[in-house]
Amino acid sequence: QHCKFYFSDPKMASLDQKNKKQKTEDDGIPLPDLSPVDFINLTSHSDAFGVDPIPISWGHPNPMVRGPVICTIKHAAQRNSIGAHQGSYCVYTGLAVAAGKLNPDHVPNLKLTTPVFDIGPFPSWADPKKIASIDPFGHVTADCYRSYLNKGYDIRPTIAVTKAHIDLPETREAMTAGRLKADGKVLLPTGQSIVSKAAIEPVWYLPEVARRFGCTEAVLRQSIFRMTNGMYPELITRPDLKIFLPPIGGLTIYIWGDPATIPDEDIPLTCRVHDECNGSDVFGSDICTCRPYMTHAIEECIKTAQAGGCGIVVYFRKEGRSLGEVTKYLVYNTRKRQEGGDSAEKYFNCTEQVAGVQDTRFQALMPDPLHFLGVTKIHNFISMSDMKYNAIVNTGIKIVNRIEIPPELVPADAQVEITAKVFHGYNAGKSYQGVDKDSLKTTKGREYAYDQPVERAAGEFVVDEDK
């Protein structure tokens, strides 16, 4: 197939306006303009011919007044968002089309995909200061925007809500040790726990995202455009489009207990906000506390749910403090190879030396999924991070107790991490009092002898560094 590119002509805008009234029926919903998949319309400005995005009034409590997020290729003229669905996986969709495995005209059948339990609506859904990085109506697309779908619009959910069984060896170990007991409702005799969960793709309302980061919307747009090597020109050319579906990882919410109890401040709520760490979470790497802290949080969530409350783990795809796994491993090498070895004293310096910054998670958007769930009070916050704590309470959510990771769960090689974090401001709780400059200097990590000569078999490939 040969794609034909058309640049919008501003001189044709007046003709286009005459057609808009004819395309709207009595219900106020415009008829969809179906763009042929072998034609690509390159719009360089907002008042061009053929540009007629469906309006969005972000923060309005009525989903029909708020308007649907339209970010599919079917409606080039009426698309009201920058980017694409599926986050970073959108590129694989392009590969599937290129390989002839996916028909670009395909429209998903959403008939049996609706949520298996209710979430919302809550007052926070109508407050952009509380939700600006996810679409609070993203899980009820098939219901809220049925009239659009019936007219032929291709509108995709950005949230999927389902249930599952979680099987963790740490949970079974807790049962063996007597810390957890099966109740057949939250925790089964097999060691499986029953959860409700939601997968969420990011949907950014750019004006509010800019406000939270203390910059203008123009600066935000220019910075993203520049640092993605111009991947999204519409960030610059289409200031009328305020919604951006960024090519980043999303998040998953896991809930133990009845989700309907979450907004009730009198019912105990245990919560952990966890950032992805593939090496530890999945493969058990012992250089950090990520997996043991996460599994400890799950154990506390199960206990709370069994006592009539609810437990939440929000799992963000923010690998390596959002710097990425490659950068993280480069930092590991720097830590182990630096003069004096891996030490708590130089823990943060190594990250800054490699990445130029210590952390790019920036917790300004992190509380949004909690507001999506209707959280107003957390009784037990399983985290030592002051950045996360401050971000949550600054949006109006109350936190009663902060719970640190038990010292016996900290792996030997992770002592560097926990010592450095506590010294530099992480909440020490009762377990980590007394961390001072001396402990910062004396806490050392495992040595790997990276730079020792390696014996190679005859004929094995060797690099001559002199050449």
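Strand β8, residues 251-257, and β10 pair in the antiparallel sense over 7 bridges. Within that pairing, Ile-255 has Ile-312 of β10 as its bridge partner. Keep in mind that this is a predicted model.

Now the other side of β10. Two pairs to look at here. Leu-269 stands opposite Cys-310 in β10. Val-273 has Val-314 of β10 as its bridge partner. As a reminder, strands of a sheet pair through backbone hydrogen bonds, either parallel or antiparallel.

So what is the strand order of the whole open sheet of 7 strands? Reading across, it is β4-β5-β8-β10-β9-β11-β12, with mixed pairing. The edge strands are β4, at 159-167, and β12, at 398-402, and each pairs on one side only. Neighbouring strands of this sheet are turned by 30° against each other on average, direction ignored.

Are its residues buried or exposed? The count is 7 of the 7 residues buried, so β10 is largely enclosed by the rest of the structure. In a regular strand the side chains alternate between the two faces of the sheet. Here is how that looks in β10. Cys-310, Ile-312, Val-314 and Phe-316 point one way. Gly-311, Val-313 and Tyr-315 point the other way. Residues in both sets are buried.

Next, a residue in strand β5, which spans residues 192-200: Ile-194. Ile-194 is partly exposed, with a relative accessible area of 27%. Which residues does Ile-194 touch, not counting residues up to four places away in sequence? They are Ala-164, His-165, Lys-185, Val-186, Leu-188, Ile-255 and Trp-256. Ile-194 and Gly-257 are 63 residues apart along the chain, and their C-alpha atoms are separated by 8.2 Å.

On to another sheet. This one is open, has 3 strands, and runs in the order β3-β7-β6, with mixed pairing. β3, at 81-83, and β6, at 204-205, stand at the edges with a single partner strand each, so one side of each is left without a neighbour in the sheet. β3 and strand β7, residues 243-245, pair in the parallel sense over 3 bridges. Ser-81 stands opposite Ile-243 in β7.

Now the empty space. Rolling a probe the size of a water molecule over the atoms shows where empty space is left. How many cavities of 30 Å³ or more does a search of the whole structure find? The search finds 5. The largest cavity has a volume of about 530 Å³. Its lining is made of 31 residues. Closest to its centre are Cys-290, Arg-321, Arg-361, Glu-417 and Lys-421. The elements giving two or more residues to this lining are β9, α11 at 290-306, α12 at 325-337, α13 at 347-355, and α16 at 415-423. The largest share, 4 residues, comes from α12. By class, the lining of this cavity has 13 nonpolar, 6 polar and 12 charged residues.

Then a pocket. The second largest pocket has a volume of about 930 Å³. It is lined by 34 residues, and those closest to its centre are Trp-204, Ile-248, Ser-322, Thr-360 and Arg-361. Arg-361 was also on the list for the centre of the largest cavity. Helix α8, residues 217-227, gives the largest share of the pocket lining, 4 residues. By class, the pocket lining has 20 nonpolar, 8 polar and 6 charged residues.

Last, the chain as a whole. Its secondary structure comes to 17 helices and 12 strands. Of the 467 residues, 45% count as buried. Take the contacts in the chain with a separation of 6 or more: residues 24 or more positions apart account for 73% of them. That is the tour.

Methods. Residues are numbered from 1 along each chain as its sequence is written. This is a predicted model: local features need pLDDT of at least 70, side-chain atom pairs count only at pLDDT 80 or more; totals for chains, interfaces and linings use all residues. Side-chain values use heavy atoms; hydrogens and water are left out. Two strands pair if DSSP finds at least two bridges between them. Axes are lines fitted to C-alpha atoms, for helices over the stretch in contact, and angles run from 0 to 180 degrees between N-to-C directions. On a 1 Å grid over the protein atoms alone, a cavity is a set of points where a 1.4 Å probe fits but cannot get out, and a pocket is an open set with protein on both sides within 12 Å along at least five of seven lines; lining residues have an atom within 4 Å of a point. Grid points are joined across faces, edges and corners, and a volume is the space filled by probe spheres set on the points. Ala, Val, Leu, Ile, Met, Phe, Trp, Tyr, Cys and Pro count as nonpolar, Asp, Glu, Lys and Arg as charged, and the others, Gly among them, as polar. Buried means under 20% relative accessible area, exposed over 50%, partly exposed in between (1.4 Å probe, protein chains only). Contact means heavy atoms within 4.5 Å.
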